[in-house]
Amino acid sequence: MSPDFITEAVLTLTETYGTDHVRTAIEGARTLVRVDDLELYSTCNPTSTPILVVLDPSQPKPVVYVRPGQLLANGKTPKSTSVVMVGGESWLQFSLNAPWEEGHGIRRFVAAARQRFTQDE
């Protein structure tokens, strides 16, 4: 990810979710963006979750984490998950094979992560 993309992504997430609901931090070269409450779909359990978006210039695409305990629409835990510590908090890491191009922007990537929980696997 380019530094310009990271700067733009932070601005976009802050504008989209509001300054009262977005916190950012720098951890080494990574920028961490925490959104307090991302609304998921009504079939998800729970129907909203905090998310953490990690923007690392040494990685090809962002990484999105959710609060541990997030379930799929069928009530099951997503496959290929683990709880990891990032930024001093526990987060659920999950598989996300969303297509990625910087030009598509961060909103599209977060939407793909959000949609991941509507699936049954």
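Which residues does D56 touch, not counting residues up to four places away in sequence? Select D56 together with M1, I6 and R30, which are the residues it touches on that count, a contact being heavy atoms within 4.5 Å.

Before going further, note that this is a predicted model, in which local features need pLDDT of at least 70, side-chain atom pairs count only at pLDDT 80 or more, and totals for chains, interfaces and linings use all residues. Residues are numbered from 1 along each chain as its sequence is written, and side-chain values use heavy atoms, with hydrogens and water left out.

Stay with D56, which sits in the loop between β3 (48-55) and β4, where strands are DSSP runs of E with at least two residues, numbered from the N terminus. D56 is buried, meaning under 20% relative accessible area with a 1.4 Å probe and protein chains only. It has no salt bridge (a side-chain nitrogen of Lys or Arg within 4 Å of a carboxyl oxygen of Asp or Glu), and R30, the nearest side chain of opposite charge, is 4.8 Å away.

Next, select residues 22-27 and 30-39, strands β1 and β2, which pair in the antiparallel sense over 6 bridges; pairing requires that DSSP finds at least two bridges between two strands. The two strands form a hairpin with 2 residues between them, and G28 in the turn has a positive phi of about 65°.

Methods: Helices (H or I, at least four residues) and strands (E, at least two) are DSSP runs, numbered from the N terminus. Buried means under 20% relative accessible area, exposed over 50%, partly exposed in between (1.4 Å probe, protein chains only). Lys and Arg count as positive and Asp and Glu as negative; His and the chain ends are not counted.
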